[in-house]
Structure formats: structure tokens, C-alpha cells
Amino acid sequence: MTNSLLTKQSQNQLFHTFDDTLKPLILDLLSLGKSAGADLVEIFLEKSDNISLLAEQDSISNVSPSFGIGAGIRVFLGKKDGFVSTNDLSNEGLLFALNQALGMLGLVVSSRNNSKFEGLADLKDFGTNKNDWLANSPDLNESTIKLLEATKSLSRKNENLQVRRASYSRNWQEVLVAATDGVFSRDIRLHQTVGINVIAQTDQNRSTSARRYGSSGNPDDLRKWDIEKSTGDLNESAQNMLHADYVEAGQMPVVLANKFGGVIFHEACGHLLETTQLERGTSPFHDSINKQIAHEAVSAVDEGFSNHAFGSLSMDDEGMEPKNTLLIEDGILKRFLSDRAGSLRTGHPRTGSGRRQNYSFAAASRMRNTYIKQGNFTPEKLIESVDNGLYCKSMGGGSVGPTGQFNFSVEEGYLIKNGKLDKPVKGATLIGEAKEILPRISMCANDLDLAAGFCGSVSGSVNVTVGQPHIKVDSITVGGR
């Protein structure tokens, strides 16, 4: 072993900034892993600075700051891998983590470093112009003022809003990724989200409405938030649903609104197109490349490029720049989303989709900005094409099974009668299965829009964007009374 590895005395100074000064240390660790017999060794270093606030009624009820620094070390041998994370960045800590990861594959660091590791490329620094993002983000005082302004705005909208909440979170990351295939990349990420929700109540009637907004790479996002418009939209939704009748259950055509309506495609279909699902053998589309899996009206993409979108990124958590991945074209399945491990095990090429919540997770294939592409119809044409059905303006929570079975609640819904929107209805649940519903999406409107959200999977919770234009599903099971 070399003596250039970190000592406890020097670790705080050395890890102050992720840059070329870490190259000798990283080279030593990677070389030791290769000399033990690993096919590939990857190191993921991360620093984080996060804060979340919650305002309830007219006061701040919770403030939660968090800071972190650590490393995740992953080694590959054939199609197997071992992963260990640590927040001990001393010489002993990093070597222990490397040995633990190697030990999972039956490998041991040799006292003689005889690896054929050829070294790292020059540092590819995606964070060069992002170093001031954290300093330019809203501080605690400014964030507090904006949240209280939102709950007060809701109070002015209507007196029957019994519960008024607003939340804000700011997540900042600095990451460095290095691997024995030569990858050596750094990035800085900034994500901000704000959410508002209310419970309206009069006598025995009650409704709940919520909205979430978010962006990446925009320190001024909270400052530019149009509070009056957001609280006005939320209050209108709550009031419309307050006296709504319960929907009758049945099979019927449904028009799903744009933006967050895309959560159904994300959950029920998008996950089935990740190689993590192929590895488990749970995707019904595992042998469907270049086959028709959806109506010819449906084309869908996953990308990391949309300006300030919540799922956009300069590089994934394996140091690869994102690809604009066409998943479905005219109803035909074209690609799966693949990370490093997924590519090794399934043969599908990497798409810049290796993502993780933080250093304590190994990367896995995950979605970024995922949406159905827009078509040529107006939203009004979709509604006009339905004699008797349901319009879903806003979606709530739901659940998804391992092979794409889903049920999602409709937060704000309206009956469609003779091609026109009719009275509001509540209690609706959309029930179906991806492989059955995709062929029934027969019309897509020309009003694509995106919405921010969080997605949980094997590599933790990551920020994503869902989206779609208005779409028409010819027939779907609607649960109700």
C-alpha cells in the first residue's frame, strides 16, 4: 500500500473541495481495487447541504437542516457487484470500505499493487459555473417569509380553509465520480421545491387539495414563485370539490389533464422500462423491443436536458452525461433505461440514467424527465370526443404493483356529458395495468407540460419530472360508489 492515502489529520482539509487535489488518493484506491482482481472499481464522493421548512396556518412549525459527507465504493466482478458506503473519509475508513466491498466478491487487497489500471482522464468539471449556487439561494429568513406569505394568501382566499400548509426544501449536492474505466467527473446540483396543501370544510362537506412546484439549477426559484396564482388555483380546486357528489364506479373513457397527470405513466410504465426491473424479471416488456406496446398515438421520452426541470442533470451519478432516450415511438418500444450494472446484466446500453439519493446508495437505472410527447389535438377536442366519461384535472396518491398494476385517486374530477364538462365528482380511483392501458391511449393533445416530484426505488428517493399533454384513454376502470 502507498502512503499517499488520507490520514485523519488531513482529511478535513483535503475534502474541503472536490477537485484535482483528490486525484492521487483516488488513483491509489482504484489501483488497489484492481490489483485485488476486480473488473471495475467506482468511487462516489458527496457533500450535501439541505434544509426543509414547514408552515402550518400562520407559523413555522418545523425547520430541518442536514449536512453530509461520505463515499460510496462499488466493485464489479463479472456480473456481480459489491457496494459499501462510509462517512469515515480517513485512510483507515476508506480502505476498510474498499476491503468490505471486495470481500463481498471474495476478493482481497494485495500487499503488492500489480494492477493494470491505466489511470483517470482529466477532470470533467460540470460544476465550474455552479460554485455560487448555494450562497445565492434563499436563506432561512427569506424562505420563512415566503412560506408565511403563502399561508396568509390562502387565508385571504376563503375562510373555510381549515388547514393551510406550505413547505419548502432546498437540496444542494457536490459530487465527484471516478472509476477504473477512466471516468473522473465533478458536478454541483441544486434542487428547490415548494408545496402547498389545504383542507376545506363546511358542515359535513370536506375536500383536500395539494400542489407542488420545483426546479433544478435555479437559485432564484423561490423568489420568483407566483404565490397569488398558486394559492388561487389551489383554493379554486378545493372549493370546486367541496360539494361534489361521489362518482359512480364503472368502465368508461377518461381524459387525463396534462402536467402531473403524467404520474400514472411514470409509475405504471416508466419503472417497467428500467433495467432494474429487467434484472428482477418483473417487466412485462422484457422481450418487447421494436414491438407494439402502446397505441400509435403514444410516443414517450426520458431525458435530462429540459431547462431547470426537476429531473434534469449535467451528469448522472456514475459520471455519464445524460442521453435523450426515446422510450416509445408511435407505440413501438425502442429503448430501456440503463445504468452501469443494468448494462452489464441485461446488455442494454447505458443511457446516463444511473442515479442515487446520496452516497449511501449504489446507483441504479432511474427516470429523469419522463413524459408522453404531445400530439396534434386541442384539449377541447379530446373532451368533445367523449359522450359519457370522466375528466381528471388533478391526480392524488396511488400504488403500483411490480408488473404495472396500478390504482390512483383523482383529487379533482368532473363528469363529461355529451362532449362537455359537467359537475364535479369525488371519490374516483383509476384502476388498471400498464400493458392493457397503453394501447387505449388513443389521443394526445398539443399542450405538453411538466411537474416536479420525488421517486423512491432501490437507490433511494431522487428528484424527477413527470409530464404529458392532455390524453384520452378509451376505456379504464373507475372505482367509486
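This is a predicted model: local features need pLDDT of at least 70, side-chain atom pairs count only at pLDDT 80 or more; totals for chains, interfaces and linings use all residues.

Reader: How is helix α2 placed relative to α3: roughly parallel or oblique?

Author: The axes of α2, residues 23-35, and α3, residues 91-103, come within 11 Å and cross at roughly 25 degrees. Angles under 35 degrees count as roughly parallel. The crossing angle therefore makes α2, relative to α3, roughly parallel.

Reader: How is helix α5 placed relative to α6: roughly parallel or oblique?

Author: Helix α5 covers residues 140-157 and helix α6 covers residues 227-242, and their axes come within 9 Å while crossing at roughly 45 degrees. Angles under 35 degrees would count as roughly parallel, and 65 to 115 as roughly perpendicular. The angle between them therefore makes α5, relative to α6, oblique.

Reader: Which residues make the contact of α5 with α6, and how many of them are charged?

Author: The crossing in which α5 passes α6 is right-handed. From α5 the contact takes K146, E149, A150, S153, L154, R156 and K157, and from α6 it takes I227, E228, T231, G232, L234 and N235. Sorted by class, the residues of the contact of α5 with α6 include four nonpolar and four polar, and the charged ones number five.

Reader: Which strand gives the largest share of the lining of the second largest pocket?

Author: The second largest pocket holds about 440 Å³ of space, and 25 residues line it, with N171, Q173, Q357, S461 and N463 lying nearest its centre. At least two lining residues each come from β1 (40-56), β5 (161-179), β6 (184-202) and β22 (460-468). By class the lining has twelve polar, seven nonpolar and six charged residues. The largest share, four residues, is supplied by β5.

Reader: How many residues in the lining of the largest cavity are nonpolar?

Author: One cavity of 30 Å³ or more is counted, and the space in the largest cavity is about 130 Å³. Its lining is made up of 15 residues, of which I264, F265, I437, L438 and I441 lie nearest the centre, while α7 (263-268), α11 (434-437) and β23 (471-479) each supply at least two lining residues. In the lining of the largest cavity there are no charged residues and one polar residue, and the nonpolar count is 14.

Key
Residues are numbered from 1 along each chain as its sequence is written. Side-chain values use heavy atoms; hydrogens and water are left out. Axes are lines fitted to C-alpha atoms, for helices over the stretch in contact, and angles run from 0 to 180 degrees between N-to-C directions. Angles under 35 degrees count as roughly parallel, over 145 as roughly antiparallel, 65 to 115 as roughly perpendicular and the rest as oblique. A crossing is left-handed if the near helix is turned anticlockwise from the far one by less than a right angle, and right-handed if clockwise. Contact means heavy atoms within 4.5 Å. Ala, Val, Leu, Ile, Met, Phe, Trp, Tyr, Cys and Pro count as nonpolar, Asp, Glu, Lys and Arg as charged, and the others, Gly among them, as polar. On a 1 Å grid over the protein atoms alone, a cavity is a set of points where a 1.4 Å probe fits but cannot get out, and a pocket is an open set with protein on both sides within 12 Å along at least five of seven lines; lining residues have an atom within 4 Å of a point. Grid points are joined across faces, edges and corners, and a volume is the space filled by probe spheres set on the points.
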